[in-house]
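Subject: Handover of a structure

Dear colleague,

Please find below the structure that I am handing over to you. My notes on what was found in it follow directly after.

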Amino acid sequence: NGPEVYKELSGVAEDYYHGKVDITYLTDYFSLKLGHPDININQFRMQESDISPEILDFMRNLHGHFLKLGMLANLGTQEYELLNSFNEHNQVFEVIASPLTFKIEQPFLSKEVFSQALQAIGEPLGNCMFVSGNLDYLEFASSLGMGVIQFEGFPKLKEYLDKLVTSELPS
């Protein structure tokens, strides 16, 4: 029963990421399938206040080193609209991308999605790094020839990228 439910929940999440169902349907489906009437939409809805000011400052610092930042993620309409609005005010991402924003039916881990994201950010594959805590995502990006960084928390990522940026600066 567990693997079947997981497959069903994953399928509905994919439908959400492709704009086929809305966040209310997603919430209700998870609540019903998991037998948890206490699951509510606020647990799925992203808020701008969820974005740490420390992370925003760090992203701005990376821009100060002339680095472009893009977001490639499985995003539903709600997340995309929120991040797009956030970006209009803060100007930190060159592109916010997902299968939904590209209006393609491909799953997230597809050459088509990654290719569209690279085209949108305007950089060749060799100039890009993919950061994720998901090992499947990292393996896929690496198989395409992209540099990868395993996300193990913001402090470690910040330390790693600070070293990378400062080592690339001329002395």
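What percentage of the contacts in the protein with a separation of 6 or more is accounted for by residues 24 or more positions apart? The share is 52%, where contact means heavy atoms within 4.5 Å.

Some remarks on the basis of these values come first. This is a predicted model, in which local features need pLDDT of at least 70 and side-chain atom pairs count only at pLDDT 80 or more, while totals for chains, interfaces and linings use all residues. Residues are numbered from 1 along each chain as its sequence is written, and side-chain values use heavy atoms, with hydrogens and water left out.

Overall architecture

The protein has eight helices and four strands; these are DSSP runs numbered from the N terminus, helices being H or I with at least four residues and strands being E with at least two. Read from the N terminus, the order of the elements is α-α-α-β-α-β-α-α-β-α-β-α. Along the principal axes, the C-alpha atoms fill a box of roughly 60 × 35 × 25 Å. Of the 171 residues, 36% are buried. Here buried means under 20% relative accessible area, exposed means over 50%, and partly exposed lies in between, with a 1.4 Å probe and protein chains only.

The pair of helices α1 and α2

Two packed helices are described by the angle between their axes and the distance between the axes. For helix α1 (residues 2–17) and helix α2 (residues 23–34), the angle is about 175 degrees and the axes are 10 Å apart. The axes are lines fitted to C-alpha atoms, for helices over the stretch in contact, and angles run from 0 to 180 degrees between N-to-C directions. On the α1 side the contact is made by V5, E8, L9, V12, A13 and Y16, and on the α2 side by I23, Y25, L26, Y29, F30, K33 and L34. These residues divide into eleven nonpolar, no polar and two charged. In this scheme Ala, Val, Leu, Ile, Met, Phe, Trp, Tyr, Cys and Pro count as nonpolar, Asp, Glu, Lys and Arg as charged, and the others, Gly among them, as polar.

T27 lies in helix α2 and is buried, with a relative accessible area of 3%. Leaving aside neighbours within four places in sequence, T27 is in contact with I39, N40, I41 and F44. Y17, in helix α1, counts as partly exposed at 22% relative accessibility.

The largest pocket

The largest pocket holds about 1,600 Å³ of space. On a 1 Å grid over the protein atoms alone, a pocket is an open set of points where a 1.4 Å probe fits, with protein on both sides within 12 Å along at least five of seven lines, and lining residues have an atom within 4 Å of a point. Grid points are joined across faces, edges and corners, and the volume is the space filled by probe spheres set on the points. The lining consists of 46 residues, and L69, G70, M71, M129 and V131 lie nearest the centre of the pocket. Helix α8 gives the largest share of the lining, six residues. By class, the lining has 35 nonpolar, six polar and five charged residues.

Residues in the loops

F93 and Q91 are both placed in the loop between α4 and β2. F93 is buried, with a relative accessible area of 13%, and touches M59, H63, L69, G70, M71 and N87, not counting residues up to four places away in sequence. Q91 counts as exposed at 58% relative accessibility, and has a positive phi of about 50 degrees although it is not a glycine. K103, in the loop between α5 (99–102) and α6, has a positive phi near 55 degrees, again in a residue other than glycine. At 75% relative accessibility, K103 counts as exposed.

With kind regards
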